[in-house]
Amino acid sequence: WLFSLFQVVHAHKPHFMALHCQEFGGKNYEASMSHVDKFVKELLSSDAMKDYNRARVYLDENYKSQEHFTALGSFYFLHESLKNIYQFDFKAKKYKKVTGKEIYSDTLESTPMLEKEKFPQDYFPECKWSRKGFIRTRWCITDCAFDLVNIHLFHDASNLIAWETSPSVYSGIRHKALGYVLDRIIDQRFEKVSYFVFGDFNFRLDAKAVVETLCAKATMQTIRAADTNEVVKLIFRESDNDRKVMLQLEKKLFDYFNQDVFRDNNGTALLEFDRELSVFKDRLYELDISFPPSYPYSEDSSQGKQYMNTRCPAWCDRILMSHSAKELILKSENDEKIVIYDHIGPNVCMGDHKPVFLSFRIAAGAGKPIANVHKCCVVQ
């Protein structure tokens, strides 16, 4: 995982690098959190990161606090060539110069250099108050101020329920939660700046439309539980061709006979079913996707390109931005590809999600009109 990350760092040589992790410590975090310190130390001390002489690491490791625990991890690295980088203190409402390397874990609730929130309990689709929320930090580089928001939205609990309506009930829950985050980061408490929101949005393809398209010439068999009459399985068979099974659908099974449809041409044929972001087109911008669905990959270390048959593959992991942030990204005057939106580790196991990255240059002085309004880098 780290080797694949370092390859991207070496290829693009970012001067400011933001790394957002979700489910930090893994799903079995109580047992696995002991590995986190080793990971952080390796990341900070790696030869690949030796030119980054300042860092801020924020890890939500306090899993005993059900009310606050989000399992989010936000890492920020500053290259030695960057001068005069400032981070916003949300309590003092002023910027402070970033020096040295600092790690915060158990004290996130009292750290004024970020905002962290778990979604209100009534947002959660199931009774369990699970690890979903966001962490926000604000930065100022060369008179350019922007927010970086690490986000984790709600998953699809059941393929069968997701299939029932278009859009699904889960899509509506994610829509509500993302709207909550966007409203929070542009409210009246602080001056408005450009923002980037990236993490695991858990955006899914429109399941009903996908199944109807993939199985357009199939017949559906419904299997119900003997005791409750509840639908527990759907089997789609080809009408001819010896009634070959095309798709089996259960609560946590999406077994389609031909995975190539999700990989060929980076799954472009399925992008038309990626509709959840359309609700936010007036508030959020995304570069064109040119990588295959980022989830759910096999966690078998020898199956780096294989999807698991638990969920319909989807572009869960995204990097989105405000329309003002889009204007900060340098547009090249020649054909050189300066802005790159891609995934990491296409051929190796990176866990069930492939990380995605966005590499870009900020145009010199791009933030100055904003800076003139709120004097973003004035340290009082």
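Analyst: A term is needed before the numbers: two residues are in contact when heavy atoms lie within 4.5 Å. The model is a predicted one. In the protein chain, residues 24 or more positions apart account for 66% of the contacts with a separation of 6 or more.
User: What does the secondary structure come to?
Analyst: The protein chain has nine helices and 17 strands.
User: Why does a radius of gyration of 22 Å agree with a compact globule?
Analyst: A compact globule of 380 residues would have a radius of gyration near 21 Å, so the 22 Å of the protein chain agrees with that. Along the principal axes, the C-alpha atoms fill a box of roughly 75 × 50 × 40 Å.
User: How many of the residues count as buried?
Analyst: The share is 52% of the 380 residues. The accessible surface comes to about 18500 Å², and carbon and sulfur atoms hold 49% of it.
User: What about positive and negative side chains?
Analyst: There are 51 positive and 52 negative side chains, and the centres of the two sets lie 4 Å apart.
User: Let us look at strand S3. Is Ser 74 buried or exposed?
Analyst: Ser 74, which is in strand S3, is buried because its relative accessibility is 0%, and the cut-off for buried is under 20%. Its side chain makes a polar contact with the side chain of Asn 150, at 3.1 Å. Beyond its neighbours within four places in sequence, Ser 74 is in contact with residues including Leu 19, Tyr 58 and Ile 135.
User: And His 79, which side chain does it make a polar contact with?
Analyst: The partner is the side chain of Ser 81, at 2.8 Å. His 79 is also in strand S3, which covers residues 73-79, and its relative accessibility of 16% means that it counts as buried. Leaving out residues up to four places away in sequence, His 79 touches several others, among them Pro 14, Asp 51 and Arg 54.
User: New topic: where is the peptide bond from Ser 166 to Pro 167, which is cis?
Analyst: Pro 167 lies in the loop between helix H4 and helix H5, and the omega of that bond is near 0 degrees. The bond from Tyr 295 to Pro 296 is cis as well, with Pro 296 in the loop between helix H7 and strand S15.
User: What is phi for Asn 266?
Analyst: Phi is about 60 degrees, a positive value although Asn 266 is not a glycine. Asn 266 lies in the loop between H7 and S15 and counts as partly exposed, at 31% relative accessibility.

Key: Residues are numbered from 1 along each chain as its sequence is written. This is a predicted model: local features need pLDDT of at least 70, side-chain atom pairs count only at pLDDT 80 or more; totals for chains, interfaces and linings use all residues. Side-chain values use heavy atoms; hydrogens and water are left out. Helices (H or I, at least four residues) and strands (E, at least two) are DSSP runs, numbered from the N terminus. The radius of gyration is taken over C-alpha atoms; the globule rule is 2.2 Å times the number of residues to the power 0.38. Buried means under 20% relative accessible area, exposed over 50%, partly exposed in between (1.4 Å probe, protein chains only). Accessible areas come from the Shrake-Rupley method with a 1.4 Å probe; for residues, only the protein chains shown count as cover. Lys and Arg count as positive and Asp and Glu as negative; His and the chain ends are not counted. The place of a charge is taken as NZ of Lys, CZ of Arg, CG of Asp or CD of Glu. A polar contact is a pair of N or O atoms within 3.5 Å; within protein, one must be able to donate a hydrogen and the other to accept it, and residues adjacent in sequence count only if both atoms are side-chain atoms.
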